[in-house]
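Visitor: Could we go through this model together? I would like to start with the overall layout and then turn to details.

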Amino acid sequence: MGDYRILVLPGDGIGPEVTAEGVRALQTVGARFGHTFELSEDLVGGAAIDAHGTALRQETIDAARLADAVLWGAVGGPQWDDPRGSVRPEQAILGIRAALGLWANLRPVRVDAALVGNSTLRPEVLAGVDIVVIRELTSGVYFGKPQERRTIEGRREAVDTMYYNETEVARVAHLGFQLARGRRGRLASVDKANVLDTSRLWREVVMEIRPQYPDVTYENVLVDAMAMHLIRRPAAFDVVITENLFGDILTDEASMLAGSLGMLPSASLRAGAGEATGLGLYEPIHGSAPDIAGQGIANPIGMLRCVALLLRHSLGLEAEAAAVEAAVGATIESGLRTADIAASGERPVSTREMADAVLGRISG
Ligand SMILES: NC(=O)c1ccc[n+]([C@@H]2O[C@H](COP(=O)([O-])OP(=O)(O)OC[C@H]3O[C@@H](n4cnc5c(N)ncnc54)[C@H](O)[C@@H]3O)[C@@H](O)[C@H]2O)c1
């Protein structure tokens, strides 16, 4: 029996549609396992720009700091897409990650056996794929300074700065080794050490930490090679650690192994694996999908899997997390499909129908 505070930030497009199902999943878990989830909600992204003139208000950050976990839908949409605009919906997600110090982004990528046919890859390549990518989230080229556009002698130029220090690298390395220990015991660290100084520091620090985890098999992989391996032999990887920009690209590539963006969750954390729980932000990997927003057809599974990660990583409720994941697995096995994962000729179900089927299978 526990009492937990969850801040719900639905955002834009399909964000509110899938987040509503995440909230129902939390309420179902609460009822079946005897927990109380105190839920509060706020606007972020385009919705917050329209209402308050900013994508992320200080009040929202303050509320997040007081919560046990944050559930995030998605932000963005064509109506806020002016590249010259000074306020953009995406500032909300970068801003909240930075404000909360969420330095690790975990993306588990598992291929559901029943959905192997959805991928563009051959079934034998996908058999046994079960990867967790840990992307460093609060440093690297997205945050390094200077980051600016300028005009020098009449010519436009721009500069971004890739920066890392050893503390930022070490905490990701420890998290990677510790997670690998609880899984299949393999860690791959991805860098570009043949070219970049930040990558040489990254590799050096990870190699210094490695002797503390003699039970974990370790390899360094160059990012360009990794882009290839993820398609040729994805089942060879267990836990993968990498810096912010490489992680952004590789996690989208890895997500396609699962067939649809709508299937996968992510967790942004600041607690190391050694610490049981900590404030985290949980969001499906997809965006606001303006092309299908408002139709009630978005796949809610990525969001429902976020709820499982939230229960596990921020609240330490492993049995409850496993119950949600088992309910998702059984629903996929039963053949229910939203439009994004339906084969041609299959009748797709709505967001609500898919979520109802999962919620009905969550047993305490
Ligand atoms: N963290 C975030 O909030 C986040 C992440 C990525 C993109 N975005 C924003 O989302 C907006 C749209 O971006 P995009 O179109 O490149 O990516 P997207 O993920 O929103 O959509 C890509 C494609 O996948 C489909 N799709 C995505 N989620 C789905 C789901 N749950 N069920 C069924 N189909 C789904 C969409 O219909 C679309 O065809 C942009 O403004 C972008 O900046 C936000």
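This is a predicted model: local features need pLDDT of at least 70, side-chain atom pairs count only at pLDDT 80 or more; totals for chains, interfaces and linings use all residues.

Visitor: How is the protein divided into domains?

Guide: Domain 1 comprises 1–107 + 259–364 and domain 2 comprises 120–258; these bounds come from an automatic or database domain assignment. Taken over C-alpha atoms, the centres of domain 1 and domain 2 are 24 Å apart.

Visitor: How many residues does each domain give to the contact?

Guide: Domain 1 gives 19 residues and domain 2 gives 18 residues, where contact requires C-beta atoms, placed from the backbone, to lie within 7 Å.

Visitor: Which elements give two or more residues to the side of domain 1 that touches domain 2?

Guide: They are α4 (90–100) and β4 (104–110); helices (H or I, at least four residues) and strands (E, at least two) are DSSP runs, numbered from the N terminus. The largest share of that side, four residues, comes from β4.

Visitor: Turning to the ligand, which residues are the closest?

Guide: The closest are G76, G262, H286, G287 and N299, out of 23 residues that surround the ligand; a residue counts as near if its C-beta atom, placed from the backbone, lies within 6 Å.

Visitor: And what is the make-up of the shell by class?

Guide: The shell around the ligand has 10 nonpolar, nine polar and four charged residues. Ala, Val, Leu, Ile, Met, Phe, Trp, Tyr, Cys and Pro count as nonpolar, Asp, Glu, Lys and Arg as charged, and the others, Gly among them, as polar.

Visitor: Now α7: which residues are buried there?

Guide: T198, S199, W202, V205 and V206 are buried in α7, meaning that 20 or more other C-beta atoms lie within 10 Å of their own; exposed means 12 or fewer, partly exposed in between, with C-beta atoms placed from the backbone.

Visitor: Why are they on the same side of α7?

Guide: They are on the same side because they cover an arc of only 130° around the axis, the arc being that of the directions from the helix axis to the C-beta atoms. On the other side of α7, D197 and E204 are exposed.

Visitor: What do the buried residues of α11 pack against?

Guide: They pack against α1 (15–33), α10 (301–313) and α12 (351–359). G335, with a positive phi near 100°, follows α11.

Technical notes. Residues are numbered from 1 along each chain as its sequence is written. Two residues are in contact if their C-beta atoms, placed from the backbone, lie within 7 Å.
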